[in-house]
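The following note comments on selected local features of the structure shown below. Each numbered point takes up one element or region.

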Amino acid sequence: IDVFLARSLLEKLYLFQYPIRPASMTYDDVTHLSAKIKPKQQKVELEMAIDTLNPNYCRSKGEQIALNVDGTCTDETSTYSSKLMDKQTFCSSQAASNVSRYAAAVYKKGKFLLLTPHISELHLTPLHGILQLRPSFTYLDKADAKHREREAANEGGDSSQDEAEDDVKQITVRFSRPETEQARQRRVQSYEFLQKRQAEEHWVHLHYYGLKDSRSEHERQYLFSQGHGLAENTELIKSPSEYLMMLMPPSVEEENDKPMAPSNVLSMAQLRTLPLADQIKILMKNVKVMPFANLMSLLGSGTDSTAVLRCIQQVAMLVQGNWVVKSDVLYPKDTSSPHSGVPAEVLCRGRDFVMWKFTQDRWVVRKEVAAVTKLCPEDVKDFLEHMSVARINKGWEFMLPYDEDFVKKHPDIVQRQHMLWMGIQAKLEKVYNLLKEHLTPKKQEAQSAHPLLVSGEQRVNMAKAKVKQNYGQLEKEFQKQKAEMKSNDTSAKMDVSNIRIKEEPVSDEEPMDTSAYESMNNGIVNGLHAEEDSTVSLNGHLPGGCIDRVAQELKAFVSSTFKKQFVLTLSELKRLFNLHLASLPPGHTLFSGISDKMLQDMVLDTGCKQILVPFPPQTAASPDELKVYALWEAGDTYDQHRQVLLEIFSKNYRVRRNVIQNQLSQECGEDLNKQEVDRVLK
């Protein structure tokens, strides 16, 4: 059989398939009303008549569909001009995106002549597209639109014609930001953009010719090759090797069909082909935070740790023994924030502030960062998510534990990074006008924690052993001072009437537990040095002058605490007191043992009152959480409002905001706005 390649209908021949129609039921004899095509999209629509005289056709249903689609009026835009559904539309979809291996073949049987063998021929024409046509139901969408229009007309008819003017509406003008390359690619690949591009191409209307039409017979002749000479079929004259190559081409197409990896994804095999500095930069840019041991494991065996340390300091900073990528690596110059459009310089400064905060503490509060940096919440959240994890009701905690191994092995690196952070801190203080109160608590905490880190558990154990050795001597001194206290005159007893030193259990309440700070006293008992010639007694018994100092210190702490927070539970007050003790130097007078009773009496003496809040019986709160104390008079303009608010909560533990605002207005005789009510509530 001779094979010929026909080119007459090249890029014009389509194969139509009807997947929901049996092969025995063709549309050859069905009247085709219209046809149109979009050549670039290879989209075809055909309108075919429906046999309304067929006994299987439901005429009432056809009339109902036409009425729903077109309504009662008939004009040129009507879908069914005969008021009967007498046609249906077929819409195409591509069955295959690549049709380069498909062709239409026509077999031509040769004629048998005398003394001449018959020669058959096979003529191939490449297909330009394979389309599947299915019924379109867009007329149902038109019927729904008509239904909504009728409903809107009925609702609009009830309103008066005098209300024809539209209400004035406020509009907001926004200026679009410059579109980045990534945003443009996402927009081009979006569904809305593709739909818009498809709608922009115009339909090309066609004329349909039936299967037995003379024009169809004429066009079918183009399926045969017009010239049988070898010159016009050179593509089919190939050697066996070339023919096999055409049947099984090389794997170029297979490589093109492989899914492309994202631009920011790099395999480990490709990564290790790069220079060491580039490897570290790419890893840190993707991971953000990494211990040094993990970095060495990713770089592979045989990598020089000294070279890694030299390279890592160029792209990362040391935070709590772990390496955090530098801000200028994540936000290069001449870039901006995708959320707010803030330039990269401002973003780097804000992220450096967050990193510096984590060098001071494991916890960072998001509101504090936003208040200092003045950046939008989305940018601040990005900074925190790079290096920390959110904890409910606590803040953001640094995501990795403190790497003590690295700090011990590389003290020179730690010292160099500390000097760099000191320089960054100086710049941040100038830019953000940081107050000393932002830095002092961290320094005090570091100073108080420093002896604890230096001494370790060994010094604590030594202090405990020393206390046990001197237990007998301390007991004798205790009995001696107890006898002296009993022989004191009544004036000395009056001095200690306000503050009771823990001698015996005064009430059923348990004394405040300060054992957690035993390890920070560096070998002292109750915060005081246990020396033989010391005039300060142990176990809570103090001379009269020292008792006065304890009372003054305790009163100063309670007063300052309630001026900052007007309402506190006993549990929260004890927690703040323990934090206050932790910040004090060893040997302070407040380490003499302050009981709950002493603390509560001092709260009442400073002008505070206990609020008996009626908590529900089934509450899971502890007894200390149920005891609520409030500062009754603070000396400001909101004392009266605060007292009314406390009386409200003494009657009910849960009150609505509007009830509080109405009660404040009635009792105080003035209307408070939202800001004033918020200030009273806080």
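Which residues are buried in α22? The points below begin with that helix.

1. The model is predicted, so that local features need pLDDT of at least 70 and side-chain atom pairs count only at pLDDT 80 or more, while totals for chains, interfaces and linings use all residues. Residues are numbered from 1 along each chain as its sequence is written, and side-chain values use heavy atoms, with hydrogens and water left out.

2. In α22, the buried residues are L570, L573, K574, L576, F577, N578, L581 and A582. Buried denotes under 20% relative accessible area, exposed over 50%, and partly exposed in between (1.4 Å probe, protein chains only). Helices (H or I, at least four residues) and strands (E, at least two) are DSSP runs, numbered from the N terminus.

3. Three strands form an open sheet in the order β1-β7-β6, with mixed pairing. Six bridges link β6 to β7 (residues 121–126) in the antiparallel sense, and A105 has L124 in β7 as its bridge partner. Two strands pair if DSSP finds at least two bridges between them.

4. Strand β8 (residues 129–136) is mostly covered, with six of its eight residues buried. Strand β2 (residues 14–17) runs parallel to β8 and is joined to it by four bridges; L15 stands opposite I130 there. Strand β5 (residues 87–94) is antiparallel to β8, with six bridges, and F90 stands opposite P135.

5. Is L84 buried or exposed? L84 counts as buried because its relative accessibility is 6%. L84 lies in the loop between α1 (59–70) and β5. The C-alpha atoms of L84 and E63 are separated by 4.7 Å, although these residues are 21 apart along the chain.

6. L247 belongs to helix α6 (residues 240–247). L247 is partly exposed because its relative accessible area is 48%.
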